[in-house]
Amino acid sequence: MITAFRPGPDRERPEELLGHACALVRLCGRDAAIAAVFLALVLVGTVSRLAAGLPGVVALALLPVLGAAFAISAGYAVRSRRTLVAVLGEVRGRTGAPVDPSAPWTPFGAAAALDARVRDTELRRLLAAAHRCGELSWLAVAWSAATAVLFLFWWLATAMAGG
């Protein structure tokens, strides 16, 4: 697991900075997948329970709380992805790289090497964005776990109400 990484001035090589950013992005993807699985299970369980019949008043009162936790977790997962895509787009625009990440060619402007100062600045921006995405994706996992626990309480409330 990767912990906080704060690069010092000119102590890390560009490859190390890029390696840390890539590792964080991979962890963000894993966290987003975990959150998506939790949220999918909660959604399927809630919909199937509601399809079986309307639960009691207590369970209906708890349903907005469950929905709010679900929305918060999904929001963090989406913000993580959007933050990463936005920063990558900005870096690509400033460095002359292709706008489309799947473009297999190098544009004419990107054939020249970047100045070391510009390269390091852009790599540090990418690393900072990867850290931010890591925080957001971890919050998505935490909120999805809380949503799963709230779902269990909601399900118990529906069972106790006799529904």
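Predicted model: local features only at pLDDT ≥ 70, side-chain atom pairs only at ≥ 80, totals over all residues.

Reader: Is threonine 147 buried or exposed?
Author: Threonine 147 counts as buried, because its relative accessibility is 0% and the cut-off for buried is under 20%.

Reader: And what does the side chain of threonine 147 reach?
Author: The side chain of threonine 147 reaches the backbone oxygen of alanine 69, at a distance of 3.3 Å.

Reader: Switching to helices, at roughly what angle do the axes of α2 and α3 cross?
Author: They cross at roughly 165 degrees, with the axes coming within 8 Å, and α2 and α3 are therefore roughly antiparallel to each other. The crossing in which α2 passes α3 is left-handed, and the contact of α2 with α3 has, by class, 26 nonpolar, eight polar and five charged residues.

Reader: Which residues make up the largest nonpolar core?
Author: That core has ten residues in all, among them Leu17, Leu24, Val87, Val91, Leu123 and Ala130. At least two of its residues are supplied by each of α1 (14–52), α2 (57–95) and α3 (116–160), while the largest share, five residues, comes from α3.

Reader: What about a second core, how many residues does that have?
Author: The second core is separate and has seven residues, including Val42, Ala59, Phe151 and Trp154.

Methods. Residues numbered from 1 in each chain as written. Heavy atoms only, no water. Core = buried A, V, L, I, M, F, W, Y, C linked by side-chain atoms within 4.5 Å. Buried < 20%, exposed > 50% of the residue type's maximum accessible area, 1.4 Å probe, protein only. Helix = DSSP H or I, 4+ residues; strand = E, 2+ residues; numbered from the N terminus. Axes fitted to C-alpha atoms, helices over the stretch in contact; angles between N-to-C directions. Parallel < 35°, antiparallel > 145°, perpendicular 65-115°, else oblique. Left-handed = near helix turned anticlockwise from the far one by under 90°. Nonpolar A, V, L, I, M, F, W, Y, C, P; charged D, E, K, R; others polar. Polar contact = N/O pair within 3.5 Å; in protein donor to acceptor, adjacent residues only side chain to side chain.
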